[in-house]
Each structure stands twice: as C-alpha cells, then as structure tokens.
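Visitor: I have just opened this entry and would like a short tour. Could you take me through it?

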Number of protein chains: 2
Amino acid sequence: MSDLESLEPTFDDIEDAAERLDGVAIRTPLIESAELNARTNGRILLKAECLQRTGSFKFRGAYNTISQLTADERKNGVLAWSSGNHAQGVAAAAGLLNAPATIVMPSDAPTIKIENTKHLGAEVVLYDRYTESREEIGTALAEERGMTIVRPYDDVRIIAGQGTAGLEIDEQCQDLGTEPDALLVNCGGGGLTAGCSIALTEVNPAIEIYCVEPAGFDDHARSLAQGDRVENSMDERSICDALLAPKPGEITFAINRHLLSGGLTVTDEEVKAAVRFAFQHLKLVVEPGGAASLAAILAGKIDCKGRTVCAILTGGNVTNETFSKILSET
Amino acid sequence: MSDLESLEPTFDDIEDAAERLDGVAIRTPLIESAELNARTNGRILLKAECLQRTGSFKFRGAYNTISQLTADERKNGVLAWSSGNHAQGVAAAAGLLNAPATIVMPSDAPTIKIENTKHLGAEVVLYDRYTESREEIGTALAEERGMTIVRPYDDVRIIAGQGTAGLEIDEQCQDLGTEPDALLVNCGGGGLTAGCSIALTEVNPAIEIYCVEPAGFDDHARSLAQGDRVENSMDERSICDALLAPKPGEITFAINRHLLSGGLTVTDEEVKAAVRFAFQHLKLVVEPGGAASLAAILAGKIDCKGRTVCAILTGGNVTNETFSKILSET
C-alpha cells in the first residue's frame, strides 16, 4: 500500500484539474440505452466523450497541463506528438490559452484529425509511423523552438486531466442512484485509464476496471498479466488509430498495474459492429478507437448480467469515408 | 388574452407530463459547440432529442398519452399513424405500459423506422402516402379493433408531453446562467412547437419562437402569415420525411398562431449540410427532419449574433444508406 499511496497524480490533483476545466471542458452526458440494457441484461452507462470539445477526452489533459505552464512557457509555445485526438486537444487548449502549438502527426492519421488540428490554429509536422520515431522528431523540434512538450499520456498533469472524466462518471452515477460494478476504458498509452482508475477507486474501491485494446496492440493486457511493460510488435494494423501506442507509459503503468483488474481485447470486426450500434441505437458518431469498450460489451467479453457497467466512448473523430464504409459492411 | 388563457394544454399540464416521464424518458443534454458559436457569433444551444428513447422526441407525447388511458383502454390497445418517429414512440410507450400497438405507416417511410417499430413489438400496417388517407385507414382499423387512437400531434396530452422538452430547455438554460433569446423548432404537425412554446413563453414571455419547415411543406409559415390554416400541395418532395404533415393541426395551430414569431424554411441542400455539420462537429447522428433548425441557423436564416439561440435536434432515425449518401455529397 505504501507504493500505492505514493502514486501520482493523487485524487486531489484530479479534483484540482476539475476546477481548472470547469466551464471550459464539456461535462459530457452519461448515456443509457434501453436496447443495450436489454441485449446485455445489465445496466450499461456510456460516458460520451465523443461529445467533448474537439471530439475526444484528450482536451481535458491538454488544458489541465497547458493552463499550469508559466506565462513565459506559454508564450514560447507547446509541442505535441499524436495520432490525432491529443493533437486536437492540445491545439484547442493552446488556442484558448494563447500559446502557439506545433503538432507532430503520423502521415497516415485520418485526414479529419489533421485538418481539424490545423483549423484549430496549430502547425502540423508529419512523420512516418512505421519508420520514424515521433519522440525523437518531436524532442528535437521542441528544443530547437524552445517549446514545452505536452506528452500524450505519460505526465501527471495529463493523467489528472483525463481523470476528471472519471470524477464525472462517479458524480453522474450518484445522480442516478447507482454505483458501477465495473468500468471499461479504451486504452492507448493508458493516461485516461490511469486517471479514471485513481478517480473511481478512491470513492469505490471494489470497482473492477479493465482497459480495452485492439487485437495486435494488447500491450497493456500482456503487461498486466506479466507484471512488467511489454511492447507491441508494430507490424500489426488496426482500424483503431487512436489506440496504437507502442507500449504502456511508465507513469501510467505504475498506476494501472495496481488498480486494474485486467485487459480485454477486441477485433476490428467487433469494433466496427460497435460503431454501427452507436450509429443506429445511440445516435452517436464514435470513431473506431472510441468504440472498443462498447465492442467488448457487445461481444460479451465482460459479464454485464445484473451489473452496472460503465464504459467511455472516448472519441468521435472519423472521416466521412471511413464511417460510411463501416456502415456499409452490414 | 382571454383566448390565450383558455389554451390547452396549460403550463401545469406540461409539468404533470414531466412527472409522468420522470425516470422513463431521457433528460437529453443541451449541447454547445465552440465551432457553431464561432460560425454564428452567438451562443447556440442544441437540445439533442436524437438521444431520446427511440431516437426522437416523440416518445414524450406518446408515453404521456398512453399512461393516462384506463386499464381497459390499455388492454384493448392503441393505434397510431406516423411516418416513423411517432410510430416508434407509441410502440415503445405501449410496450412499457403493456398495451398492444398497431401502427399505420407510409410504405416509403425509412426502413429503419419501420423495422424499429416492429422490433419494439408493434404491428405495422403500410399505406401509400400519395394516394391514401392515413386518418381514414387508421380510424377504420381502430374502430374495428376497439383500439384507442394516439394522434401524432393534435391532442392536448401529446402536446403536453412534447412540451416537457421545452421545460428541460428552460431548466438547462438556467443551469448555464443564460436565458434564450430565441427557440427554433422543426415542425411537422406542430405538436412539439406548441408544447415548447407554452413551456417557454410561460417563464420567458419575451422569447422569439420560430417553427422551421422544409421548402414545399411550409404550411405553418404560410398559415402564420395568413392567420388561418392552409395546406401543402403534397406534390412536393423533401428529404425531411419527419416533417411532411399536410397542414397545421387544429389544436396546435390555435396555440402556435398566438405564441410564434414566424416560420423559417430550409432547402434539402441546407438540411444535408446541417446533417454533415452534426456528424463532423457535434458527433451526433441527426436525421434530415431533425436537422432543419440547425440548417436554418447555419444558413443564416436567423440572426444569432450576440444572442442565445436554442434549437431542437428532433430525431436521429436515418438509414445507413441515406446517411452515407448525405456524407458523400461534400
């Protein structure tokens, strides 16, 4: 427990982040569907972070981080690397806080994410996801430009910001008079998972928390089973562009190894079925990586019968073309 | 004013409806988008009734009506005619209240609406929208079967139920510390418009309320201008299948002629652009008829500059094919 007690961010850090985000981030709704409850024989509550500012939860951590920089740091600007959702979160937060932003993005990121990032006022630098290191490119560029790096997940301020989604889930469950038995979180680098785990286990120590990853990118599931961080092969492909981090973060894994019950894995086909379900029954636009937890629920990878299970729909940034293609594959 | 004071439903009727719907209908979120505010130079608040049970506001009125029937009436069942959203609302409400339901639907209604209505347990009877009268078919069938007719809009219980969306808009605006200058409501028969007008003018008499209709189906706009109910030619076609009622309802128009500031009209192209905007920026699935008010805002048909303008996204029941087709037309 002494190890656990020394974990950062703390619950208080997350509450402080919630104060910074108050009136800036959207308090996204916790959505319930009669159809989904009927299919699972449980009570499923979906935190619709696709409705968050910039279309994903990433705005929370980005704003929490950049708002804590000094006036000089902000003036010199921020730099981030991201497949797209963190990029937009950083660009929007930087814009609100009058900081210039440079974003290093993979050249195969969805065009909507690249375009939106530019539209939010950031400069975009592209790299090849399969041959180049975004950390190396980003670190060199940040040094050259005197910019502060806003990491996608391995930073206590980022984790605290993402954890505010967990605080809201707890409050919204209380409003409904329920306490969740389990939480499912789509997982790339593990920042949202770590933040929400700290937020929810503080108030509800018995909650089971699972990260959900695409097949071939199940580094967290394997790392949790092994007790140590292992990498993805990166030879794999997945439709979940938001969940392709190479391995768990150092800080995030130090938290997640203590607080998670395990990791679930979903296939591209299961993810696409979940995107279609969200379209047809929830009337929400959810991107593939945003639908992984819903996919795990629909595919029966967690027992929901008689239980209250929360899941986070983490993002909705998907191109017309990809979305239409997924809808057509019925 | 004596004429106005005798209008039914009353504000109290709407509050009673809200009590009946408490815990059954979804309290849908009032959504704000930084992008939409920036485009309009105003504050736009969108009531997301596409997230309502059955994917449209229609569940409100249907449940409010059927829950007030006697045990015998419920046992004998209910009958409704509808292009699809009222059908699903009645089917779902009847199912929850253990009443058999028969629904008369146009044969060219979106297949998703017909399928969902059947899935909700109702019997569906099809008719030809352009050669047959749904009222005649439905009335004869209801008499034959001893069923109670649940009208789509021209009934005080229906209007009171739909008005609960207006009550929520008021409460949610208060939570945000704002008072709307204007409300835009997508309008078919005028039930939602009438209910929300009663709810909102009671608390905010200065509010401007506009109904929004598809070009060619602007019976309300013309009726309001003329001071008397006029019909649509019904030779027209529109992508807004939910908004094709032949003329304003008798009860709804008696209310709307007193409380509305006027009617706005939108083209199919403007509606499709709004559906795409909702997909890209709001991450919401909005059906064409559900996007008419947003279309009016985006097309500049109402001045939003420096004002708080509310609009209701009335539904999200659209087929994969139609949605994909609209997305592809960029």
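Predicted model: local features only at pLDDT ≥ 70, side-chain atom pairs only at ≥ 80, totals over all residues.

Visitor: Noted. Into which domains is chain A divided?

Guide: Chain A has domain 1, made of 2-57 + 156-328, and domain 2, made of 58-149. The centres of domain 1 and domain 2 of chain A, taken over C-alpha atoms, are separated by 23 Å.

Visitor: How many residues does the contact take from each domain of chain A?

Guide: Domain 1 of chain A gives 27 residues and domain 2 of chain A gives 22 residues. On the side of domain 1 that touches domain 2 of chain A, α2 (11-21) and α9 (156-175) of chain A each supply at least two residues. The largest share of that side comes from α9(A), with seven residues.

Visitor: And what classes of residue are on that side of domain 1 of chain A?

Guide: The side of domain 1 of chain A that touches domain 2 of chain A has eleven nonpolar, twelve polar and four charged residues.

Visitor: Let us turn to the two chains. How many residues of chain A are in contact with chain B?

Guide: In chain A, 18 residues are in contact with 18 residues of chain B. Helix α15 (residues 320-328) of chain A provides the largest share of chain A's side, five residues. By class, the side of chain A that touches chain B divides into ten nonpolar, six polar and two charged residues.

Visitor: Now the sheets. In what order do the four strands of the open sheet in chain A run?

Guide: The order is β5-β4-β3-β6 (chain A), and the pairing is parallel. At the edges are β5 (123-127) and β6 (148-149) of chain A, each pairing on one side only.

Visitor: How many bridges pair β4 with β5 in chain A?

Guide: Strand β4 (residues 101-106) of chain A pairs with β5(A) over five bridges, in the parallel sense. Within this part of the sheet, Met105(A) stands opposite Leu126(A) in β5(A). Helix α8 (residues 134-145) of chain A packs on the sheet and touches β3 (78-81), β4, β5 and β6 of chain A. The direction of α8(A) makes about 170° with that of β3(A).

Visitor: What about β10 in chain A: is that strand mostly covered or open?

Guide: Strand β10 (residues 308-313) of chain A is mostly covered, as five of its six residues are buried. Strand β2 (residues 43-48) of chain A pairs with β10(A) in the parallel sense over six bridges, and Ile44(A) stands opposite Val309(A) there. Strand β7 (residues 182-186) of chain A also pairs with β10(A) in the parallel sense, over three bridges. The bridge partner of Leu184(A) in β10(A) is Ala311(A).

Visitor: And over in chain B, which strands stand at the edges of the six-strand sheet?

Guide: Six strands of chain B form an open sheet in the order β1-β2-β10-β7-β8-β9, with mixed pairing. Strands β1 (30-31) and β9 (262-266) of chain B stand at the edges, and each has a single partner strand, so one side of each is left without a neighbour in the sheet. Between β7 (residues 182-186) and β10 (residues 308-313) of chain B, which run parallel, there are three bridges. Leu183(B) stands opposite Cys310(B) in β10(B).

Visitor: Back to helices. At what angle do α2 and α4 of chain A cross?

Guide: The axes of α2(A) and helix α4 (residues 58-66) of chain A come within 10 Å and cross at roughly 95°. That makes α2(A) roughly perpendicular to α4(A). In this contact, Ala17(A), Arg20(A) and Leu21(A) of α2(A) meet Arg60(A), Tyr63(A) and Asn64(A) of α4(A).

Visitor: In chain B, how many residues of α4 are buried?

Guide: Helix α4 (residues 58-66) of chain B has nine of its nine residues buried. Its cover includes α2 (11-21), α5 (71-76) and β3 (78-81) of chain B.

Definitions and conventions: Residues numbered from 1 in each chain as written. Chains lettered and ligands numbered in written order. Domains from an automatic or database assignment. Contact = placed C-beta atoms within 7 Å. Nonpolar A, V, L, I, M, F, W, Y, C, P; charged D, E, K, R; others polar. Buried ≥ 20, exposed ≤ 12 C-beta atoms within 10 Å, placed from the backbone. Pairing = 2+ DSSP bridges. Axes fitted to C-alpha atoms, helices over the stretch in contact; angles between N-to-C directions. Parallel < 35°, antiparallel > 145°, perpendicular 65-115°, else oblique.
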